[in-house]
Amino acid sequence: MSLSAILILDFKGRTLISRDYREDVPLSYGSKFCKQLKEQTNEYDIKPISHDEDGITYIYIKHNSLYILALTKNDINGAMVVEFLYGLVKVLTSYFGTLEEESIKDNFVIIHELFDEMMDFGVPQFTESDLLKEYITSDSHQLSEEVSKSISKAVTGKVSWRREGIFYKKNEVFLDVVENLKMVITASGTVVSSEIIGNVHANVKLSGMPKLRLGLNDKILFKHAKGGEKNNKSVEMDDIKFHQCVKLSDFQNDQSITFIPPDGEFELMSYRISKPLKPLFVVDALIETHARSRVEYYVKVKSLFRTSLQATETEVIIPVSPNVDSPTFKTSIGKCTYQAQLDAMVWKIKTFEGRKNHVLRAHFKLSSFSDESELQRNKPIYLRFKINYKTVSGLMVKYLKVHEKSGYRSLPWVRYLTETKENNYAIRIN
Amino acid sequence: MSSSRVIKSFRQLLNESKEQSRRRVVIEQIISAMSLGVNLSPLFADMVKAAQTTDLVQKKMIYLYICKYAEENKELLILSTGTFQRDCQSQDPLVRGLSLRSMSSLMNKELVEYMAREIKKGLMDRSNYVRRIAVLATVKLFRVSPELVLGTEIEKKLYSMIAEVDPYVSINSVVALNEILASKGGISITQKIIIHLLKRFHEFTHWGQSIVLGLVANYAPQSEQECLQILNLLDNYLKSGNTSVILAVSKVFINLINDLPNLRNQIYDRIKNPLITLVSCTGNEMAYPVLKHIYLIATQLPNLFASEASRFFIKGSDPTYLQEIKIDILCEIVNKQNFKQIIFALASYVINSSLNEQISSYCIRAIGKIASQLSSYFDMVIDYLMEFIELDIPHIVEASMIILKDVIRLFPEQSLEIVLPELKRLSEIIHTEEAKVSLIWILGEFGEKIDEGPYILEKFVETFSEESSEKIKLELLTSVLKMFFKRPPESKKMLGVILHEATENSNEPDVIDRGLFYYRLISTDINKTKSIVLYEKEKFTRFTENDPLELFEILMDEFNTFSVVYKKPYDQFKRILHKNEEEEEEEEEDSSTDSSSFSEEELLDQIQQNVNDLDINQQNQNQQNSQEEQEIELVPKFNLEPSEFQNKWMNSSHNLNFDFELDEELDKESFEEILKENNFQVMASGLIQSTIKIFCYGKDISSNQIGLFQLLITGVNVKLNAKGTNPQFLKLFAEYIATVLTE
């Protein structure tokens with residue numbers, strides 16, 4: 001694994017800043033990439049990993065309107081390079097708030113310092129922004145004995161992701177359990193496919209070197225794990241991934257999640273569940289075309305979750321034929337608008353309570369006679385929503401214990417959220 | 001404005017600036033200009049002189065500069081050795097490390113002795129930070145003078161440093177040895193080293209772990225028990241949050257299969273789910289190599305992913321490169337159980353107008369490929385193809401006809417039953433070139449089996465003279481000749497017409513040639529001609545674009561490298577760069593003129609501007625006159641959304657606090673009035689007990705910089721908190737606010 005150079009380019013492919021780590025691939029190859037950018041017709045024509053006739057490999061990621069490009073001439077582990085570039089973006093973002101052309105131009109010096117410490121001779125060193133701060137002297141730094149002490153302290157510990165001597169007046173831990181639901185169901189409510197991508201984000205504000213132990217409820221079972229008794233109520237995870245700090249051997253032995261956390265925000269774990277679950281909403285739609293000159297929609301949305309919960313920012317996106325006009329809507333709740341650029345009507349409901357039915361009636365005129373409506377009917381209805389205080393899988397945090405030798409008290413805060421993104425919750429209508 | 005002027009003003013500024021803080025700003029400007037591609041090489045001697053600073057930030061920047069321009073200033077380089085050596089003795093490990101890293105990066109033959117001496121010292125340094133830099137510096141030394149490293153005490157020392165407690169030193173030693181010994185196949189991987197590294201695996205960063213896993217993949221365990229131990233230990237790391245680690249573990253597992261063939265299916269089963277999760281949970285750029293690896297595994301074990309077909313269905317938001325590889329995977333994992341599901345999905349992509357044409361054609365080809373793999377479902381495939389053709393969308397018809405032709409070649413007997421009755425209708429609805437060529441080929445090959453066969457061809461012959469496509473003309477000639485031998489009574493007339501048209505009334509030389517050729521052939525020996533034209537064809541079993549199976553076996557050996565992504569072994573895409581330096585220089589010059597870099601003018605303007613700013617700053621600091629130049633003037637109608645304001649407020653990189661006193665007390669309204677008169681925009685304001693709180697912002701006309709600030713006013717005391725991205729601007733901005741309010 002060794003990269004030759006890293007370049008940050010603006011949206012036109014002009015180099016904003018670059019670092020040549022090995023001097024074995026001329027930086028002028030960056031302009032070759034720029035040429036490719038100009039020749040592409042679609043935004044995504046260039047593959048993220050590609051090579052040219054000289055055997056130079058170009059690996060890039062896109063961030064805002066910047067391209068972060070790595071060059072190498074060896075046959076190396078591509079995933080590692082991409083992961084490093086993601087890491088670089090994360091570090092730069094943590095320094096500048098947003099990473100864009102302006103923030104780069106204003107901070108050449110710090111970026112060069114970061115380039116120095118994150119990678120040496122093309123070999124990644126570390127990408128934890130918290131630890132990097134120890135080496136970056138963006139503000140005035142005079143030589144002194146004191147500094148040298150703190151530096152050696154930072155990296156002698158075996159815990160490479162946490163420095164010593166962190167102090168907070170108020171010791172707190174925030175956990176956000178967010179489940180992203182993807183589901184395809186039929187009009188009758190049968191689940192065609194479903195997938196949950198869950199994340200547990202942590203924001204740790206604790207002093208010293210705390211050891212944390214996280215307990216989850218037993219509704220969730222881990223596949224391949226030893227000793228987990230399976231019962232009918234439990235949901236099996238297909239896969240689970242942990243942050244580097246979690247002691248995987250403990251987890252393997254007794255399913256406990258123990259860790260010494262990094263300071264600040266990080267993603268503690270992520271998981272995936274593909275077992276079909278009960279839908280949260282079902283939608284019934286009736287479409288009647290009258291004399292090919294007007295069309296009527298009757299859409300009923302039913303929430304199936306508990307009455308104590310409510311969905312917020314609910315949006316129902318119903319496809320319509322491209323040649324409709326003069327829309328009129330009647331809703332039992334919320335507001336519906338016709339959005340021509342989507343060829344759809346969008347029905348927005350601010351809060352949708354549990355176990356409720358809501359109805360939308362829509363009427364359109366058809367501007368021209370066409371058979372295309374047949375094809376339109378095959379497009380699914382999409383639903384977007386957020387439900388607070390709930391995870392679809394049923395996963396809950398039972399406890400979060402914090403042990404630190406100074407014995408301070410700490411407060412854990414846990415939030416739950418289920419949400420759908422883009423067109424991930426789809427209802428097929430006939 | 002020329003670059004020599006910029007250099008001159010930089011030089012002057014460097015010489016004039018005595019204060020450390022001011023010098024630093026000058027050097028920052030030099031680095032900014034260098035980063036943007038201005039050639040500042042002539043400043044070399046001045047910068048070397050400036051290196052004797054005690055300010056670490058300046059030192060870092062100056063060393064960066066020296067490394068960049070060392071090549072062009074070889075004769076001056078010797079000047080810098082004194083500074084480098086002195087810094088290698090510094091009390092501060094950061095300085096020692098910096099100096100060692102920079103000096104070794106120079107890769108200069110003349111300095112090699114200094115370099116070797118300092119590196120040896122660095123390897124023994126008391127700071128692990130310095131040691132880890134020294135370890136990688138040995139590789140740089142190796143590149144300049146291999147004999148100073150290979151087989152020397154340095155090599156031995158590196159082996160012993162693998163055992164160091166500091167994880168970074170340990171990993172860097174592994175990397176260094178691997179590169180130094182590359183010609184001998186890399187670091188010698190002993191059981192001792194592997195056990196040592198695996199024992200402390202948890203301590204390493206993700207990068208370290210990936211590197212160690214690379215070694216383990218090449219290690220041949222001594223016993224089955226050892227294999228199992230490695231397997232069990234690494235199994236946990238399939239849950240790692242880092243894609244690179246997961247792929248590296250997968251590689252180790254796949255390599256272990258050679259030793260544990262009976263566990264083959266179990267091992268693949270273990271890596272399956274982590275890989276699938278990565279597809280849905282990472283960014284597009286990462287999903288791409290992961291999918292390429294899944295594809296490779298699928299070529300070896302199609303059934304592994306068969307039940308997960310829906311994970312590889314494409315999304316409208318997927319970039320084209322992901323859509324293509326997902327379709328490739330679907331073609332590999334198709335089996336009797338998921339066939340309908342996959343074909344249905346592919347068919348829906350074909351007609352989905354939100355996907356691009358390239359992808360819908362790709363899907364049609366995929367459907368054809370699947371038909372060749374699962375012959376029992378060919379009828380369903382043909383149904384879909386016929387449906388596509390009727391959509392009458394040019395690129396879909398084109399691709400579908402070509403595939404239809406291929407499916408008929410694969411399964412002539414069965415598929416003809418379905419297709420033949422439709423040929424007449426098809427001939428009326430298709431318009432595009434390739435589609436017509438395919439149809440005419442089918443007619444020539446099988447058209448005699450239906451009554452109207454010759455008449456369909458005849459229709460095409462009627463328009464032969466108006467036909468502009470050479471390809472269609474050639475295909476038609478051949479097909480008519482074939483038909484003639486199979487259905488002579490109906491075809492005789494048409495053959496005469498087409499041969500006449502081709503030889504007498506055509507412009508295309510190939511058409512004339514083929515017409516004459518056929519004509520002469522027939523006139524020479526009509527029976528021989530028949531046996532030549534209607535020969536027994538070999539059975540067609542496989543699409544030629546299918547890749548050879550051996551390729552995938554080679555690629556499995558190169559798992560977790562670019563080879564898998566490119567679908568070709570390393571030696572097919574590597575090319576050693578053997579350009580000499582002159583050529584390189586030439587190229588670099590080229591690049592400075594093309595549009596990949598900022599235009600010289602643009603840059604110089606900006607730098608000159610920055611340098612001027614600096615002067616102004618300086619004058620301001622020294623309380624010199626010329627007040628009007630430094631003045632900020634705000635854009636009159638500049639507006640930020642509240643969310644934008646909040647975002648900028650939270651994320652600004654620089655912060656400035658400033659306290660001052662007013663001449664007299666004012667109320668909230670008069671403050672807002674004063675601010676508005678001076679083109680500041682008030683975002684929010686309020687009264688908390690007797691303190692007035694105002695959030696405000698403004699944009700400077702000349703520098704385009706935006707400044708945000710909060711005022712807390714109690715009586716005549718004002719607390720100002722300003723935020724922005726540029727510290728110099730922020731200072732001016734804060735002063736300007738104070739002036740506005742006090743006047």
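These exercises, each with a worked solution, concern a predicted model.

**Exercise 1.** Determine the strand order of the open four-stranded sheet in chain A, and find its edge strands.

Solution. 
- The order is E16-E17-E22-E19, and the pairing is antiparallel.
- Strands E16 (281-290) and E19 (324-331) of chain A each pair on one side only, which makes them the edge strands.
- From one strand to the next, the twist averages 15°.
- E19(A) is joined by six bridges to strand E22 (residues 357-366) of chain A, and the two run antiparallel.
- One contact of E22(A) can be named: A:His363 is the bridge partner of A:Thr328.

**Exercise 2.** Carry out the classification for B:Lys567.

Solution. 
- B:Lys567 is found in the loop between H31 and helix H32 (570-573) of chain B.
- Phi of this residue, which is not a glycine, is positive and near 55°.
- The relative accessible area of B:Lys567 is 25%, so B:Lys567 is partly exposed.

**Exercise 3.** Describe the surface patch that contains B:Ile351.

Solution. 
- B:Ile351 belongs to helix H18 (residues 339-351) of chain B.
- Its relative accessibility is 39%, so B:Ile351 counts as partly exposed.
- With B:Leu391 and B:Ile393, B:Ile351 forms a nonpolar patch on the surface; together they have about 210 Å² of accessible area.

Conventions:
Residues are numbered from 1 along each chain as its sequence is written. Chains are lettered from A and ligands numbered from 1 in the order in which they are written. This is a predicted model: local features need pLDDT of at least 70, side-chain atom pairs count only at pLDDT 80 or more; totals for chains, interfaces and linings use all residues. Side-chain values use heavy atoms; hydrogens and water are left out. Patches are made of residues with over 30% relative accessible area and no salt bridge: like charges are joined within 9 Å, nonpolar side chains (Val, Leu, Ile, Met, Phe, Trp, Tyr) within 5 Å. Accessible areas come from the Shrake-Rupley method with a 1.4 Å probe; for residues, only the protein chains shown count as cover. A salt bridge is a side-chain nitrogen of Lys or Arg within 4 Å of a carboxyl oxygen of Asp or Glu. Buried means under 20% relative accessible area, exposed over 50%, partly exposed in between (1.4 Å probe, protein chains only). Two strands pair if DSSP finds at least two bridges between them. Axes are lines fitted to C-alpha atoms, for helices over the stretch in contact, and angles run from 0 to 180 degrees between N-to-C directions.
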